[in-house]
Amino acid sequence: MFTVPEAVLIISISAMLIAQVSKFFIDGLINKKLNESILISTGGMPSSHSALVTALFVSIGMFDYHNQGTLSIGFAISFVIALVVIHDSMGIRLEASKHAMELNIIKYRLNMIENIDIEEKKLKEKLGHKPKEVLVGILLGAFIGVIGFFIFK
């Protein structure tokens with residue numbers, strides 16, 4: 001049998017892995033080819049970070065309430081961390097994605113117009129998430145958190 005912390009870790013990491021594998025297949029359907037690098041990439045549908053942190057606080061909350069009838073400081077901490085991660089993925093990382101796109105355009109134009117040879121690789125553009133990608137990650141994480149609780153309780 002698993003302890004509650006072990007169960008919470010398994011549930012949370014499972015949510016992240018399920019989201020990441022889902023992202024791989026969704027990208028494959030959209031682009032009509034499978035791209036293995038998606039399995040370890042950031043950005044895209046659904047947000048695996050959002051799924052991870054949502055499954056974390058949902059499963060902690062459910063175990064807390066089931067075992068003690070109240071929520072713990074661990075739930076509060078995981079909830080606050082989830083808010084920070086989710087905000088970061090839609091805010092800072094999404095803005096960084098936009099900056100990378102613009103910088104790649106500038107590099108391309110320098111190469112084409114000015115004949116300046118910039119040998120560096122293209123900057124990674126998929127860093128953050130659109131709100132719907134985060135929402136699907138949150139819903140997936142909550143679902144897996146609830147299902148995981150019932151499996152492990």
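Colleague: Which residues are exposed on the other side of α3?

Modeller: I73, V84 and H87. Exposed means over 50% relative accessible area, buried under 20%, and partly exposed in between, with a 1.4 Å probe and protein chains only. This is a predicted model, where local features need pLDDT of at least 70, side-chain atom pairs count only at pLDDT 80 or more, and totals for chains, interfaces and linings use all residues. Residues are numbered from 1 along each chain as its sequence is written, and side-chain values use heavy atoms, without hydrogens and water.

Colleague: Which residues of α3 are buried?

Modeller: F75, S78, A82, I86 and S89. Down the axis of α3 they fall within an arc of 70°, so they line one face of the helix. The arc is that of the directions from the helix axis to the C-beta atoms.

Colleague: What span should helix α3 have?

Modeller: The expected span is 1.5 Å times one less than the number of residues. For the 18 residues of α3 (residues 73-90) that gives 26 Å, and the end C-alpha atoms are 26 Å apart, so the two agree.

Colleague: Why does K132 count as exposed?

Modeller: Its relative accessibility is 55%, so K132 counts as exposed. K132 is in helix α5.

Colleague: At what angle do α2 and α5 pack?

Modeller: About 35°, with axes 7 Å apart. Axes are lines fitted to C-alpha atoms, for helices over the stretch in contact, and angles run from 0 to 180 degrees between N-to-C directions.

Definitions and conventions:
Helices (H or I, at least four residues) and strands (E, at least two) are DSSP runs, numbered from the N terminus.
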